[in-house]
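Here are a few notes to read alongside the model.

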Amino acid sequence: MLGGAGILLGVAAAPAQAAEVSYKTECVPPSISGLPPVEGTTKVEITAPAEAKVGDEVTITWKFVQAASKNPDVIDLEKDTVKPTGTLKAGGAQTADIAMEGPRSNPAIPKNSDMKLSDMTGKLKLTAAGDVTLTPDAYNINVSKPLSTDTKCTPKETVQSAATIKVTGSGGSTGGLPTVTPTLPTGLPTLPTGLPTGSATPSPSASETGDDSGGSSTGGDDGGSSTGGDGGQSDFTGKEVSIPYECKTPIGDKSATSPVQINAKKNGGSFDLTVQFKKSVMDSPADIPADSVKPSMEVVLGGSDKGTVHVEGPTNAKEIKSGDPIEIPDLTGTYKPGASGESTLSPGVLTVKALGTTTTCTPSRTEVSLTLDTTEQASGASGGDSSGGTSSSSGGLAETGSDSHDALKALGLVAGTVILLGGAVFTFMPGRRLR
């Protein structure tokens with residue numbers, strides 16, 4: 001029995017060794033954050049067999065003792081949404097890049113707390129006798145919700161080896177290349193920061209349509225387009241106006257100016273409205289699935305009428321590839337006048353629902369695009385009960401449910417965009433949906 005036990009001990013695998021190493025690390029957040037790279041300290045524990053033979057395939061474990069940064073005070077990370085991958089370098093008697101991968105397994109990570117990353121594992125087939133050193137290198141952290149985003153972390157100093165495997169000959173072939181798992185692709189293309197800063201030069205006012213038998217052209221101080229009465233003109237083309245939008249994000253204010261035009265078609269006593277954006281206001285930061293982006297606007301009424309009219313567009317019919325422009329489709333709705341006289345229509349708050357979240361951008365000022373001769377309809381806009389308009393006692397922008405417009409969390413056109421910063425996540429989300 002003792003002899004048998006000795007034989008068993010003789011063939012047992014060599015005990016594993018574990019050693020810790022720390023190194024300065026630079027983690028680069030997606031450019032959408034507008035923040036510089038973050039530097040921190042990564043502490044890693046590498047576990048590998050102390051001894052092995054040529055021809056053996058060994059399993060190596062990378063444990064994160066400390067990631068390079070904390071989850072900042074922005075959003076709680078959900079359970080099982082964080083996945084690390086990385087590269088471990090083999091040196092000495094054998095050189096190789098060993099692909100390391102951890103499961104998407106993590107506890108919920110509260111804001112302003114340490115990141116919790118799963119252990120990564122990888123395999124290396126030993127091909128040469130001698131000492132093989134194992135040194136941690138770059139790693140990547142992926143967060144899956146609400147939008148898959150990566151951050152890349154790389155060493156900023158020479159990293160010391162964390163473990164050494166003593167490899168002895170096996171009597172077999174010692175040549176050939178090591179068998180390693182290919183490195184997983186990481187990272188998304190550069191992400192823009194919401195609405196682009198700058199203003200667009202408006203094109204000349206669109207030509208007015210209709211025949212001389214219709215209503216008169218009023219224009220007014222705001223340059224509104226043609227108006228008409230019953231039995232006359234039916235199509236009304238508004239002028240293109242440049243509207244400056246102000247968007248507030250957790251990392252700073254964003255602004256952009258977009259050309260907008262409001263057109264109308266008479267439909268009985270009501271008007272079918274079409275709001276057009278004359279250019280894309282931003283590029284897509286990532287591949288966005290079809291049927292996941294839906295825009296809307298509250299058209300502001302003035303002059304004789306008061307309130308707003310809700311218009312909205314369809315969701316995107318096709319997938320939007322990363323880097324492609326996000327086009328705002330025509331927004332449509334019905335305006336049922338709540339007053340008789342000369343009523344004006346101006347672009348108001350823009351809302352975009354995307355990837356399960358809502359974004360709002362508020363004009364810092366607005367301008368009349370269209371003026372219409374209107375006849376009061378039952379339950380019209382001023383009445384407040386019509387599906388064609390919503391009441392607003394001030395006639396200004398729609399109420400947000402907040403005590404102050406300063407509380408708006410207007411965040412650009414890609415709501416729910418995730419920013420991963422050295423193992424930390426920012427998620428842009430407005431406080432309330434604009435109604």
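The points below go through the cores, the aromatic pairs and one serine.

1. A word on the basis first: this is a predicted model, in which local features need pLDDT of at least 70 and side-chain atom pairs count only at pLDDT 80 or more, while totals for chains, interfaces and linings use all residues. Residues are numbered from 1 along each chain as its sequence is written, and side-chain values use heavy atoms, with hydrogens and water left out.

2. Let's begin with the largest nonpolar core, which has 38 residues. Such a core is a set of buried Ala, Val, Leu, Ile, Met, Phe, Trp, Tyr and Cys residues joined through side-chain atoms within 4.5 Å; buried means under 20% relative accessible area with a 1.4 Å probe, protein chains only. I46, I60, W62, L124 and L134 have the most contacts inside this core.

3. Strand 10 gives the most, with 5 residues.

4. Do have a look at L134. Leaving aside residues up to four places away in sequence, L134 touches, among others, I46, I60, L88, I98 and I165, where contact means heavy atoms within 4.5 Å.

5. There is also a second, separate core of 31 residues, and F271, V309, I326 and L345 are among its members.

6. The whole structure holds 5 aromatic pairs: rings of Phe, Tyr and Trp (its six-membered ring) pair if their centres lie within 6.5 Å, and planes over 60 degrees apart count as edge-to-face. One of them is F64 with Y139, edge-to-face at 5.0 Å centre to centre and 70° between the planes. This pair links strand 4 (residues 57-66) to strand 10 (residues 130-143), across 75 residues.

7. F236 is in strand 13 (residues 235-237) and F271 in strand 16 (residues 270-277), so the pair ties together parts 35 residues apart in sequence. Both F236 and F271 are buried.

8. Finally, where does S118 lie? S118 sits in the loop between strand 8 (113-114) and strand 9 (120-125), and it counts as buried because its relative accessibility is 9%. Its side chain reaches the backbone oxygen of P103 at 2.7 Å. The residues that S118 touches include F64, P84 and S105.

Technical notes
Helix = DSSP H or I, 4+ residues; strand = E, 2+ residues; numbered from the N terminus. Buried < 20%, exposed > 50% of the residue type's maximum accessible area, 1.4 Å probe, protein only. Polar contact = N/O pair within 3.5 Å; in protein donor to acceptor, adjacent residues only side chain to side chain. Phe/Tyr/Trp six-rings, centres within 6.5 Å; stacked < 30°, edge-to-face > 60°.
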